[in-house]
Structures are given as structure tokens and as C-alpha cells.
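User: Please take a close look at one part of this structure, the nonpolar core and the helices around it, and walk me through it as someone new to it.

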Amino acid sequence: MKGINMKSVFRILLFAMAMITFCVSTYAQKDSRQRMTREQLAETQAKYIVKEIEMDDATAEKFIATFCQFQKEIWALGPRPERMASDHTDTEAEQALKERFSHSQKILDLRKKYYVLYSRFLTQKQIECVYKLERGMMNRLYYHSQKGKTQK
């Protein structure tokens with residue numbers, strides 16, 4: 001303990017506490033930036049599509065509002081029914097398939113409804129591009145969600 005006095009110990013302790021505080025606050029900020037609400041995600045996706053298709057301001061405003069409403073209606077349907085394991089009865093399999101068909105039909109009905117709405121202010125080529133971009137975003141989100149599950 002010759003070369004170490006109380007002042008040095010205090011400085012080292014103070015430095016360590018400052019580093020811990022800094023690291024914890026930085027980590028907390030990182031987590032808060034990564035999580036968006038569903039509404040924020042939908043709006044971000046809509047703005048990305050607007051930018052890619054190069055819509056004018058009036059069309060962009062209509063599209064963003066319509067796209068966000070479409071997403072809300074999709075979310076209201078709830079999650080897709082899960083696939084059952086292979087060890088179930090024919091009756092259970094039939095019920096699971098019917099639930100999946102019903103859910104898929106509801107999504108198709110919404111897509112048809114919003115196709116009509118999009119047709120009021122977008123060209124058919126723009127709508128086709130919207131669907132391609134939307135599919136690409138969904139695939140990326142799915143890929144990242146699966147990637148996160150394997151890393152945990």
C-alpha cells in the first residue's frame with residue numbers, strides 16, 4: 001500500500017462509477033432507438049414507399065394515411081394462426097386449416113378493399129410497385145425477427 005494513497009483509490013473508484021453509468025445509459029438509449037411502435041413502423045414504411053415511387057406531396061399525404069389505416073386493420077385481425085405439430089388428429093388438422101384459410105381470406109378482403117382506395121390516387125403501376133416494396137419490407141422484417149430468435 002506504499003504507492004497507493006486514499007486519493008488515488010477514490011479517483012479510480014470515481015472513474016469506474018462514471019464508466020459504468022455511461023455504459024448503462026448508452027445501452028438504454030440503444031434499446032429505445034431500436035424499438036418502434038407499430039404505428040411508427042407503418043408510417044416509416046409508408047414514407048419509404050413514397051420516396052421510392054417519387055410521389056408528389058398531395059399523393060404522398062393520401063398514401064401515408066391510407067397505408068397506415070390498412071396496417072391498423074391488418075393488425076386488428078390478430079396474428080396468423082400457427083401451424084400445428086404433426087401429431088394431431090384429422091379433426092384438429094381440418095380445424096387448423098379452416099382457421100388459416102379464414103385468416104387468409106380476411107387479409108385478401110382487406111387487400112382488395114385497399115386496392116380500390118389506392119386506385120383513386122395511384123396508377124396501376126404505382127400500386128404494383130407498392131405491393132413489391134411492401135413484400136420486400138415484410139421479408140426483411142421476417143428475416144430480422146428470425147435472426148434475432150437464433151441469437152438469443
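Analyst: Contact here means heavy atoms within 4.5 Å. This is a predicted model, in which local features need pLDDT of at least 70 and side-chain atom pairs count only at pLDDT 80 or more, while totals for chains, interfaces and linings use all residues. Residues are numbered from 1 along each chain as its sequence is written, and side-chain values use heavy atoms, with hydrogens and water left out.

The pLDDT, the predictor's confidence in each residue from 0 to 100, has a mean of 84 over the protein chain, and 80% of the residues reach 70 or more.

A nonpolar core is a set of buried Ala, Val, Leu, Ile, Met, Phe, Trp, Tyr and Cys residues joined through side-chain atoms within 4.5 Å, where buried means under 20% relative accessible area (1.4 Å probe, protein chains only). The largest such core has 21 residues, of which I49, M55, F63, Y118 and L122 touch the most other members. At least two residues of this core come from each of α2 (38-53), α3, α4 and α5 (124-151), and α3 gives the most, with 6 residues.

Leaving aside neighbours within four places in sequence, F63 is in contact with A46, I49, V50, M55, Y118, F121, L122 and V130. On the same terms, T59 is in contact with F121 and L122; T59 lies in helix α3 (residues 57-76) and is buried, with a relative accessible area of 12%.

How values were computed. Helices (H or I, at least four residues) and strands (E, at least two) are DSSP runs, numbered from the N terminus. Buried means under 20% relative accessible area, exposed over 50%, partly exposed in between (1.4 Å probe, protein chains only).
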